[in-house]
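Hi everyone, thanks for coming. I'd like to walk you through one model today, so please have a look at the sequence and the structure as I bring them up.

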Amino acid sequence: MSGEPAVRRSLTHVPVQDLLLRAMAVLRVIVLANSLVLYAMRFEDYPRPLLGWAVMALLVGWTLVSVWAYAAPERRRAPLLVGDLGVAVLTIALTPLVKGAGPSATLPGFYVMCAVLSWAVVWRWQGGLFAAVAVSITDVSIRLEFTQQNYGNIFLLVIGGAVIGFLSALLQDTAAQRDAAERAAAAAAERQRLSRVVHDGVLQVLALVQRRGPELGPDGMELGRLAGEQESRLRGLVQQGSRELVAPLGERDLVELLGELESPHVHVATPATPAVLPAETASELLAAVEACLSNVRHHVGRDADAWVLLEELPDRWVVSVRDDGPGIPAGRLDDSASEGRLGVQQSIVGRLVDLGGSAQVRSAPGQGTEWELSVPRHTSP
Amino acid sequence: MSEGEQLRVMVVDDHPMWREGVARDLQEAGHRVVATAADGKEALSRFPAARPQVLVLDLQIPEPDGVAVTGEVVRQDPSVRVLVLSASGEQSDVLEAVKAGATGYLVKSASRAELLDAVRRVADGDTVFTPGLAGLVLGEYRRLSDVPAAPEADTETPRLTDRETEVLRLVAKGLSYKQIAERLVISHRTVQNHVQNTLRKLQLHNRVQLVRYALEQGLDDDQPG
C-alpha cells in the first residue's frame with residue numbers, strides 16, 4: 001500500500017478512477033449535509049457543543065480540500081489518503097468529548113465511508129479493507145457497549161470497503177485492457193494501411209517486370225514468369241488481408257479461401273461480398289476444388305489455364321471449375337473408376353454428396369472440362 | 001472496326017515507371033497520349049482540356065481515388081471510355097469503378113498486346129471484361145436482387161435476362177466471346193451486346209441512386225440539367 005504503485009496506476013487508469021472519484025465528491029457533499037443537519041438538530045443536548053461545531057467546521061473544510069485534491073491524479077497520493085482517513089478517525093475519536101461517554105452515533109456518521117471508499121478506489125481491495133478496519137477499530141473503541149446495530153454497521157463497512165476496492169480494481173484493469181486492445185487495433189490498422197501502400201508498389205514493379213521481361217530475351221522471359229507468379233501470390237495475400245475477420249468463429253469465407261488458389265494459371269472469379277459457410281463445409285468444398293485443379297494439371301498440363309467461379313444462388317453455392325483442355329471423352333470417367341483410379345469421381349463427387357450437394361462434370365472432346373459443384377445454403381450442421 | 005485509327009488517350013497512374021511505360025506503349029502503337037496525371041486532382045484538372053477518348057486509369061491513386069475520378073469524368077463527358085488498370089485488384093474498388101462508368105478492366109500484369117487491344121476495344125464502345133470482373137458483376141446483381149426493394153422505390157432493381165446471366169457466367173468461367181458465340185450459337189456481336197447490357201443497367205441504376213441521394217440531401221441545385 002505504498003504510494004508508488006498507486007501513482008503508476010492512477011496515471012494509466014485516469015479516466016475510470018477520475019469518474020469514480022468524481023462520484024465520490026458528490027457522495028461526500030451529501031453525507032456531509034446529512035451529518036451537519038443531524039448535529040444542528042441535537043447540539044443543544046451535548047456537553048461540549050462548541051467543540052462539536054469545531055469538528056463540523058473541520059469536516060466542511062476537509063470536504064472542500066479533498067474534493068479539490070482528489071480531482072487531479074497527481075494529488076491522489078499517500079498524504080491525501082492518509083489525511084482523509086486521519087480526519088475520519090479523529091472525528092470519531094472526538095465524539096465522546098462532545099457528546100459524553102458512550103455516544104449512540106459518531107459525529108461524522110456516514111461521512112467516514114468517504115475515506116473508506118476513496119481508499120478502495122485508489123488502493124483497491126487492500127486499501128478499502130485497511131481503511132474500513134481502521135475506522136471500525138476507532139468506532140468500537142469509543143463505545144461502552146457493542147450492540148447488534150454497531151456490529152451490522154461495521155460488518156457492512158468492512159465488506160463494502162473490500163468489495164468496492166475489488167470492483168474498482170476490476171473496472172480499472174478492464175479499462176486498461178480495453179485501452180491496450182484499442183491501441184493494438186489502431187497499430188494493426190496502421191500497419192495494414194502501410195503494408196497496402198508497400199504492397200501496391202511491389203505489385204506494380206512485379207507486374208512491370210512481368211510485362212517488360214520477355215522483351216529482354218530468354219532470361220528476361222524467365223524473370224517475367226517468376227515475377228508473374230509472385231505477383232499473383234502477393235495479390236492473393238493482399239486481397240485476403242483486406243478480408244480478414246469477416247467470418248465469425250467456426251465459419252469461413254469461401255471468397256477468401258478460393259482467392260488463395262489464384263495463380264498465373266488459375267483465374268478465380270467471386271462476388272465482391274464474403275461468402276460465409278460453416279468451416280467444415282468450406283474446407284470440404286475447397287478440397288474438392290483443389291482436386292479438380294489437380295486434375296487439370298494432370299490431364300491437361302502443368303501450365304494449363306483453369307477458371308474457378310463462385311456464385312451465390314438463392315438456395316445454394318455453386319463453384320465451377322473449367323479448363324480449356326482436350327476434354328474427357330464420354331465414358332472415360334467411368335473407365336477410370338473401373339480401372340481402380342478412383343481419384344476423380346470418388347474424391348470430388350463423394351465430398352459433395354457428403355455435404356448434401358452434388359457434383360456434375362460436363363465435357364466434350366475439344367471443349368474442355370467443366371465441373372459444377374453445388375452445396376445447399378443454410379445447411380444445418 | 002476502326003483498326004489503326006489514332007486514339008486520344010490519357011494515362012493516370014501515380015507510379016512514374018508505369019505511367020511512362022503505358023504511355024510509350026500507346027505511342028508506339030500509333031496513339032496520341034494527350035495527357036498524363038499522377039493523382040486524382042491532376043487528372044480532373046487536365047481532363048477537360050485534354051479531351052481524351054480513352055482514359056487509362058489506375059484505381060489506387062492519391063485522392064480523389066480512381067472511383068471518384070471515373071464518376072466525375074463520365075459525368076463531364078459521357079462519351080469518354082474509362083479503362084481501369086489495377087495492380088492489386090481490390091475487388092470492391094473495381095466493382096465501384098465499373099458502377100461509376102468504367103467499361104473496361106485489366107490487371108496490370110496483362111501483356112502489352114492485351115492492353116493495346118483493350119484500349120482499342122473500349123474506344124470502340126466494347127466492354128473489356130476479365131473473368132474476375134464478370135464474377136463481381138454477377139455477384140452484384142444477385143446482391144441487388146436479394147435486397148428487398150423499398151416500397152416507395154419507383155425504379156426497378158436492375159435484373160439480368162436469362163440470356164445475359166448465361167453469357168456473363170461463361171465470361172466468368174474464362175470463355176472468350178468467340179467461344180461463347182460458338183457454344184450458344186449466336187453471333188459475336190450479340191455476345192458483346194449482352195455483356196454491354198449487363199454493365200449499362202448497373203451503371204444506370206448507380207446513377208439513379210446517386211441522383212436520388214442528391215435530391216434527398218437537397219443538393220439538387222448543384223446538379224447540372
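Let me start with a quick one: is Tyr151(A) buried, partly exposed or exposed? Tyr151(A) is partly exposed, with a relative accessible area of 44%; here buried means under 20% relative accessible area, exposed over 50%, and partly exposed in between, with a 1.4 Å probe and protein chains only.

Before going on, some housekeeping. This is a predicted model, in which local features need pLDDT of at least 70 and side-chain atom pairs count only at pLDDT 80 or more, while totals for chains, interfaces and linings use all residues. Residues are numbered from 1 along each chain as its sequence is written, chains are lettered from A and ligands numbered from 1 in the order in which they are written, and side-chain values use heavy atoms, with hydrogens and water left out.

Back to that tyrosine. Over all chains there are eight aromatic pairs, meaning rings of Phe, Tyr and Trp (its six-membered ring) with centres within 6.5 Å; planes under 30 degrees apart count as stacked, over 60 as edge-to-face and the rest as tilted. Tyr151(A) pairs edge-to-face with Phe146(A), at 6.5 Å centre to centre and 80 degrees between the planes. Elsewhere, ring pairs join Tyr39(A), Phe43(A), Tyr46(A) and Trp53(A) into a cluster.

Now to the interface. Chain A gives 37 residues to the contact and chain B gives 40, where contact means heavy atoms within 4.5 Å. Together the two chains bury about 3,100 Å², 47% of it on carbon and sulfur atoms; that is the accessible area (1.4 Å probe) the two parts lose on being put together, summed over both.

How many salt bridges are there between chain A and chain B? The count is six, and over all chains the structure holds 33. A salt bridge here is a side-chain nitrogen of Lys or Arg within 4 Å of a carboxyl oxygen of Asp or Glu. As a reminder, side chains of opposite charge can pair when their charged atoms come close.

One that spans the two chains joins Arg169(B) and Glu372(A), at 3.5 Å from N to O. Arg169(B) is partly exposed at 21%, whereas Glu372(A), at 15% relative accessibility, counts as buried. Both belong to a network of salt bridges that also links Glu311(A), Arg362(A) and Arg142(B).

Which element gives the largest share of the side of chain A that touches chain B? That is H6(A), with 11 residues. By residue type, this side of chain A divides into 14 nonpolar, nine polar and 14 charged; Ala, Val, Leu, Ile, Met, Phe, Trp, Tyr, Cys and Pro count as nonpolar, Asp, Glu, Lys and Arg as charged, and the others, Gly among them, as polar.

Two salt bridges within chain A to finish. Arg178(A) meets Asp179(A), their closest N and O atoms being 3.1 Å apart; Arg178(A) is partly exposed at 44%, but Asp179(A) is buried at 18%. Arg316(A) and Asp315(A) come to 3.4 Å between the closest N and O atoms, with Arg316(A) partly exposed at 30% and Asp315(A) partly exposed at 45%.

That's my tour, thank you!

How values were computed: Helices (H or I, at least four residues) and strands (E, at least two) are DSSP runs, numbered from the N terminus.
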